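This briefing is meant to be read beside the sequence and the coordinates.

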Amino acid sequence: MAKRHKLLIFILTIGVFGIINTEMGVIGILPAIAEHFDVSVSKAGLLVSLFALVVAVSGPTMPLLFSGINRKKVMLLVLGVFVLGNIVFIITSNFTVALIARAIPALFHPIYCSLAFSVAAASVSKEEAPKAVSKVFIGVSAGMVVGVPIASFIASITSLQMAMVFFAVVNVIAFIATLLFVPSMPVKERVSYGAQLSVLKKLITWQSIVAVIFLNSAIFGVYSYLAEYLKTVTNVSSTTISFMLVIFGGANIIGNIVAGKLLTKNAIKFVVAFPFVLGTVYIILFLFGHLSVPMAIITLIWGILAGVGGNINQYWIMSSAPEAPDFANGLFLTSANLGTTIGAAIGGLFISEMGTQYVILVGFLSLILSSVSILLRKHMYSPKTNQLAR
């Protein structure tokens, strides 16, 4: 039983990696894509921004629509759509067709990710659920930080098409593994659409959504400009910047493992403390970010906390609506994407008005607002949330 559970979690992690890799991996090959389709780099950037926008919009709706169907069939459907989307992208020379080949899989993206978190959590006891989810989150982190350099490397030594083949192959592997090794998972107790939507009537759900939006804004509002910060404030070479980004990515994966253990022990105290710990790191970053060695250490710690933050976000929304897990995970994906968008936009404003060093302010402001929401929820729902945490 333990071996089958580990295999299930591993397949879910590979599946999530394949889907996030398809979303984020193109960042490393945008110049090559622009050249291939004969468009500007900014227009090629639509392949990233449009994908993220579709994910944010479909986050709550698509998991809800597919919540009553056999889990295995839904996962195979989504992975199949991603494989076909990748194949179309590889063979087309028309940029509009390429955009459509990205937008359609993006619609299905939240279904697989929310299912992966729900299935992982349901495969173990309530106490162990955060640990199981944190393992699947390794796929999210790997997709965000490993896929970009791998795709870039493949494109540089072979061709753009081969980099796209890499995305397709990962999804094919996840599809075959799901087909062969994941058992049929019919939905035993189907929750009606109305019952799932009713979680939006609860104040705790909205408090949790607000907290997640601002927590993600605090992390990605600053991280989005890490390369620029390292270049203009720390004053390091492009090679060092690449190395620092790899450090951040590797630390992110460590953060997932740490979060799983800490959320299992005492989730509420851990969530309450998180904004203060990250805020301390940002203060140190503001004071010593111009020095390369301290900056490397800060990047490592910050990367771990970013990995932890993703797990906290998922747990915080999930624990506010445990009666509708698929819908709650969809809300998490939308909230996280909104937080990233808002944080990056405000961070850009601080940079243009005050200078790159002051991008840290978007982190501080977001952490203050997230703390207020977290503490308010803790105060209003303390017995309930503590019961959920156990």
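The structure, which is a predicted model, holds 15 aromatic pairs.

**Aromatic rings**
- F166 and F167 form a tilted pair, with 5.9 Å from centre to centre and 50 degrees between the planes, and both F166 and F167 are buried.
- F220 and Y223 form an edge-to-face pair, with 5.9 Å between the centres and 80 degrees between the planes; both residues lie in helix α12 (residues 203–223), where they are 3 residues apart, about one turn of the helix.
- F220 counts as buried because its relative accessibility of 16% is under the 20% cut-off, whereas Y223, with a relative accessible area of 22%, is partly exposed.
- Ring pairs link F220 and Y223 with F248, Y282, W302 and F364 into a cluster.

**Charge over a ring**
- R377 lies over the face of W316, at 3.6 Å from the ring centre.

- L160 lies in helix α10 (residues 160–181) and is buried, with a relative accessible area of 10%.
- Leaving aside neighbours within four places in sequence, L160 is in contact with I29, A32, I33, H36 and A155; L160 and I29 are 131 residues apart in sequence, but their C-alpha atoms are 7.5 Å apart in space.
- F181, also found in helix α10, is exposed, with a relative accessible area of 52%.

**Nonpolar surface patch**
- L7, F10, V172, I176, L179, L180 and F181 make a nonpolar surface patch of about 660 Å².
- The elements that give two or more residues to this patch are α1 (2–24) and α10, and the largest share, 5 residues, comes from α10.

Notes:
Residues are numbered from 1 along each chain as its sequence is written. This is a predicted model: local features need pLDDT of at least 70, side-chain atom pairs count only at pLDDT 80 or more; totals for chains, interfaces and linings use all residues. Side-chain values use heavy atoms; hydrogens and water are left out. Helices (H or I, at least four residues) and strands (E, at least two) are DSSP runs, numbered from the N terminus. Buried means under 20% relative accessible area, exposed over 50%, partly exposed in between (1.4 Å probe, protein chains only). Contact means heavy atoms within 4.5 Å. Patches are made of residues with over 30% relative accessible area and no salt bridge: like charges are joined within 9 Å, nonpolar side chains (Val, Leu, Ile, Met, Phe, Trp, Tyr) within 5 Å. Accessible areas come from the Shrake-Rupley method with a 1.4 Å probe; for residues, only the protein chains shown count as cover. A salt bridge is a side-chain nitrogen of Lys or Arg within 4 Å of a carboxyl oxygen of Asp or Glu. Rings of Phe, Tyr and Trp (its six-membered ring) pair if their centres lie within 6.5 Å; planes under 30 degrees apart count as stacked, over 60 as edge-to-face and the rest as tilted. A charge sits over a ring if NZ of Lys or CZ of Arg is within 6 Å of the ring centre and within 35 degrees of the ring normal.
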